[in-house]
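Please open the model in your viewer and keep the selection panel at hand. This tour goes from one residue to the parts around it, and then on to where two chains meet.

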There are 2 protein chains.
Amino acid sequence: MKQRLKELVPEYIRNLKPYEPGKPLAEIERELGIKRSVKMASNENPLGPSPKALKALLKHAKCVNVYPDGGCFYLREKLAKKLSVRPGELIFGNGSNEIIELLLRCFVKPGDNIVVSQYSFLMYKIIAEGLGAEIREAPAKNLGHDLEAMAGMINDKTRLVFIANPNNPTGSYADKRQLTKFLSASPKIPIVVDEAYFEYVEARDYPDTPALKKRFSNLVTLRTFSKAYGLAGLRVGYGIGNSDLINYLNRVRQPFNVNSLAQASALAALSDADHIKKSLTLNRLGKKQIFESLAKMGIDFMPTEGNFILLKVGRGRKVFEDMLLRGVVVRPMDVYGLPEYIRVTIGKKEDNRKFLTELASLLGKS
Amino acid sequence: MKQRLKELVPEYIRNLKPYEPGKPLAEIERELGIKRSVKMASNENPLGPSPKALKALLKHAKCVNVYPDGGCFYLREKLAKKLSVRPGELIFGNGSNEIIELLLRCFVKPGDNIVVSQYSFLMYKIIAEGLGAEIREAPAKNLGHDLEAMAGMINDKTRLVFIANPNNPTGSYADKRQLTKFLSASPKIPIVVDEAYFEYVEARDYPDTPALKKRFSNLVTLRTFSKAYGLAGLRVGYGIGNSDLINYLNRVRQPFNVNSLAQASALAALSDADHIKKSLTLNRLGKKQIFESLAKMGIDFMPTEGNFILLKVGRGRKVFEDMLLRGVVVRPMDVYGLPEYIRVTIGKKEDNRKFLTELASLLGKS
C-alpha cells in the first residue's frame, strides 16, 4: 500500500513535510518539571478574550448541538456596516489561514506561481507548495517587504501576491504611498494584503485597504479575530474584496466552516471597543518597556507595528530552548531563515519583565 | 476585473454554484411571523450537547485567546485508546467534511474520477467537482448503495470511492458481508466509509471498520461528533486509517483546523456514555413512533439506521414550504434527485408528534 499510495499522491504533496504534532505546553512543562511558564510565542492577546465575547459564548454554549449558520448572517451584517462595505464583499474563514487557502485553491494550479517577500508569514508558501505552485520570493529590504522588488518578481504565470502588513515575524509595514504605487503598477491579479495585526498599528501612514478596494478591484484584505480580539482558539478570520472575487472563494468554501461559538463571540467582540483599547494600550506600553530594556542591554531588535518583537540573540534555537527551561516560551526564527533571531510576543508588564530578566541573565547582560 | 478573474479561475471552479447564504431560522421565523418552530432538518441531536462536554466547554471558554493545540493531543490519545488504534492512525478535522476535502485534495486531480452512489451525501460530489474530477455515480438499488454496481464503476482513473454507511439521506446501510466483499475485490485506492451516523445503527451485521482496517490498508473510516455527540456547532470529526495515508492528509491539513473548545468538548463527550445511551434510546423510540404513524397514514418511508427518515410525500419542495409555515422545518430532497421525498430528523416525542400531526393535516390524512 505504501508504494501504491506514493504513486497516487502528486509529487508536490509528497514533498511537503507532514505536520508533526508537538506536545501541548502543559505536557512539556510536566516533562521539564516547570510550572506556570509565560507563553510569549504565538502573538496571542495576553488580556484574554473580550469579556463581551466571553458572555456571548457562554450564552450560546448550550446550543452547540445545532449546526452553525453557514452564511455568518449576523456577523456579516454587523461587520459590513462597521467597515462600510457590502455584505457580499466579505468572506469568513476558520481563521484567516483558511481564506489564504481558499484564495490559493481558486487561483493557483501546478506550474503557476505566487509572489511573496523573504521573511514573510510561512503559511502562504506552505499552502502554495501543496498545490504545486512555484514560490517567487523577493529579497527583503532591512528584513521587511521591498514592494519594488516584489513587483519585479511578477510574471505572466503569477496568480497571487501576498503582502503581510504589518509582517509577521519582522513587524515591518508598507505605507500607503508604497502600497498604492505597487497596486497602480501591478497587473490585474489578486493582490492579497494580510492585515492580521492591523489593530496594533500606530504608524499614521498605514494604508486603509477597505477604502482602497474601491480604486483597486483586485485588492483583497485579510483580517482576523485571533490577535487583538483575543479569539485565536475559536478560529475566525475574514476577507474583504470585490464581490465577484469573493464569490469564487465561496464556491470552494464549505458551508459550515466557521463554528457557531466563533460567530457569536466575534459578533460580540466587535462591540467591545473598551477591550480593544485596553489591549492596544497594553501593547504600546509593553513595546516601550521591552524596547528600552533591549536598548540598554545592547540587543538589536526590529521596530514593530504588531504585538511582537523580532530580536537578534545569536543562536536563536538555543536561546529558545534555554528560555523554555527558565519558564519563558518564545519562538525561534530558524524556520523563517533567521537563525540568529527569536520573536517574542508583547505581554503583560510582569511577563515582559520576566522575559527581560531571564534573557539578560541568559545572555550575561544583567 | 470580472473578465480577467474569469480567465484566472479554472472552469471547474467557475461551474460550481456559489454557496448562497440562506438566512438563519430566527430571521425566517420573524419574516413569516412564526415562533418556536421545531427544527427537524439537519439531523442534530435533539437532546443537545452532552452535559459533560458542556461543562468542559465552559471551563475552557476563558482561554479562547490561546491557539488550539495543533495536534489534538489529549483527544487523540483518548480516542486512539477507545478505538484500539494508534494515535498516528487518526486525523481530526473541522467537521468530518474537512477530512473529505483533505482526501480529495490529496488524491484527486483534474481528469481523475471518484465513485459514489446515486442518492448519497452531496458533499463528496461538490468538493470533487471543485477539483476538476469526474463523478462516476453508480445507480442505487432500492434507493441505497449497490456495492456491486459501485465496484463496476471503478476504472484506472478512479482515485477514491465514497461509501456513506449508513447513508444520508436514505438511511440505508451496507452490511459486513457486502463491504468485505467490495474491499476484497477493489483495487488499492483509498476506500472511504463515511460513518457519520454509526452510533445510531441497530443492525447487527453492521461492519466494524476500525477492525477491518487491519486487513484492508486502503480503508478509511470517517466519523463525527456532530450527530450522536451533539456537537455540530463546534465542528469536529475524525478519520481513521493507515498511518501512511493519514500522513499524506496531514501534509495538506492546516495546523489549527480544530478549535480549542471543540477539542475540549469532544474529549469530555467521549466519557459521557450516559448521554449517548439516552440519545440512542430517544432515537429508537422516536423511530418507532414515526414509523407507526406513517404506516397508519399510508405514507411510504425508508427503513433507517440513522437519526432521520426519508419519506415519500409527493411534491417534496411544496410540503417543505407548507410545513415551514406550520412551524416544522424538514428538508426537501429535490437537490438529491428525490423530488417526491422529504427527510425528517427524529426528534423528541412531542416534536415528532407535532411533525406527524401537521403532516397528516397537510396531506389530508388526519
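Leaving aside its neighbours within four places in sequence, which residues is A:Ser42 in contact with? Select A:Ser42 and then, with those neighbours left aside, the residues A:Lys227, A:Arg331, A:Arg343, A:Thr345 and B:Tyr67, with which A:Ser42 is in contact, where contact means heavy atoms within 4.5 Å.

Before going on, note that this is a predicted model, in which local features need pLDDT of at least 70 and side-chain atom pairs count only at pLDDT 80 or more, while totals for chains, interfaces and linings use all residues. Residues are numbered from 1 along each chain as its sequence is written, chains are lettered from A and ligands numbered from 1 in the order in which they are written, and side-chain values use heavy atoms, with hydrogens and water left out.

**Around A:Ser42**

Colour chain A by secondary structure, and you will find A:Ser42 in the loop between strand S1 (38-39) and helix H4 (51-60) of chain A; helices (H or I, at least four residues) and strands (E, at least two) are DSSP runs, numbered from the N terminus. A:Ser42 counts as buried because its relative accessibility is 13%, and buried means under 20% relative accessible area, exposed over 50% and partly exposed in between (1.4 Å probe, protein chains only). Now show the side chains of A:Ser42 and A:Arg331, which are joined by a polar contact of 3.3 Å. A polar contact is a pair of N or O atoms within 3.5 Å; within protein, one must be able to donate a hydrogen and the other to accept it, and residues adjacent in sequence count only if both atoms are side-chain atoms.

Select A:Glu202 and A:Lys287, which form a salt bridge with the closest N and O atoms 2.9 Å apart; the term stands for a side-chain nitrogen of Lys or Arg within 4 Å of a carboxyl oxygen of Asp or Glu.

**Where chain B meets chain A**

Now show both chains, whose contact takes 79 residues from chain B and 79 residues from chain A. Then pick out helix H11 (residues 243-252) of chain B, from which comes the largest share of the side of chain B that touches chain A, seven residues.

For the last stop, select B:Asn242, found in the loop between strand S8 (237-240) and H11 of chain B. B:Asn242 is buried because its relative accessible area is 17%, and, leaving aside its neighbours within four places in sequence, B:Asn242 is in contact with B:Lys213 and B:Ser217.
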